Amino acid sequence: MSKSSNKVPLTDKDRRKQISIRGLPLLENVTSVKKTFNRHLHFTVVKDRNVATNRDYYLSAAHTVRDHLVGRWIRTQQHYYDSDPKRVYYLSLEYYMGRSLSNMMVNLGIESELDEALYELGLSIEELEEFEEDAGLGNGGLGRLAACFLDSMATLGIAGYGYGLRYEFGIFQQTIKDGFQCEEPDDWLRYGNPWEIPRPEYQIPVNLYGRVIEQNGKPKWVDTKVIMAMPYDTPVPG
């Protein structure tokens, strides 16, 4: 025997409403912050207090803050899908974002809770902040201006997106040898970046180098080197 069903098929909009972030708990108090911090230390960094370093504690704190940030970020995206507002797309070759942990905590209003939670765990938020690499993706002025534009759009609630280049190396590292300045590459990604989300499903081929020849009366780009470019998302709170 076959059973008949009276269920009405879900629409795409209904499915989006069911897959929602609204019911997930966020950082409500110091106790929840400590639980989230310990969870990330164990399951994200995969360390315990016997072998963890201060850099591991920084990563755990960063992921704790990111949890709170991503919850709001997804709700914002869901609101944009529902309301379909006009969007601003800002293009820049430089984004001097700098360090994110302190800025994230202040803009999300959770600085006091995280500071108190880490203090009860015997850690100092000021010391952990020093382990974050400076995301100086540009020469300074214009890159900082681009980052401020993103901050402003987030603060004003504008549906804005910034597009740029994720440079392998940031602004140079400066050292002094024999009284002279020496410039060295700033390998800002050597310990990873907890604030970015890779999107390998959207990677595309990009052609570089090569030369232009004329073929059938039209220019043609040949002998190029093809690389696969993968985008990364970095949420910016206001």
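In this predicted model, H2 passes H3 in a right-handed crossing, that is, with the near helix turned clockwise from the far one by less than a right angle. Helices here are DSSP runs of H or I with at least four residues, numbered from the N terminus. The two axes come within 8 Å and cross at roughly 120 degrees, which makes H2 oblique to H3; oblique is what remains once angles under 35 degrees (roughly parallel), over 145 (roughly antiparallel) and 65 to 115 (roughly perpendicular) are set aside. Axes are lines fitted to C-alpha atoms over the stretch in contact, with angles running from 0 to 180 degrees between N-to-C directions. On the H2 side, the contact (heavy atoms within 4.5 Å) is made by Val33, Thr36, Phe37, Arg39, His40 and Leu41, and on the H3 side by Asp56, Tyr57, Ser60, Ala61, His63, Thr64 and Asp67.

From H3 come Tyr58, Ala61, Ala62, Val65, His68, Leu69 and Arg72, and they meet Leu101, Met104, Met105 and Leu108 of H4. These residues split into nine nonpolar, one polar and one charged.

Buried means under 20% relative accessible area, exposed over 50% and partly exposed in between, with a 1.4 Å probe and protein chains only. Val65 touches Leu101, Met104, Met105, Leu108, Ile110, Leu114 and Trp195, leaving aside residues up to four places away in sequence.

Elsewhere, Gln173 sits in strand E5 (residues 170–177) and, at 33% relative accessibility, counts as partly exposed. Its C-alpha atom is 5.8 Å from that of Glu183, ten residues apart along the chain. Beyond four places in sequence, Gln173 touches Cys182, Glu183, Glu184, Pro185 and Asp186.

Residues are numbered from 1 along each chain as its sequence is written. Local features need pLDDT of at least 70 and side-chain atom pairs 80 or more, while totals for chains, interfaces and linings use all residues, and side-chain values use heavy atoms, without hydrogens and water.

Terms used. Helices (H or I, at least four residues) and strands (E, at least two) are DSSP runs, numbered from the N terminus. Ala, Val, Leu, Ile, Met, Phe, Trp, Tyr, Cys and Pro count as nonpolar, Asp, Glu, Lys and Arg as charged, and the others, Gly among them, as polar.
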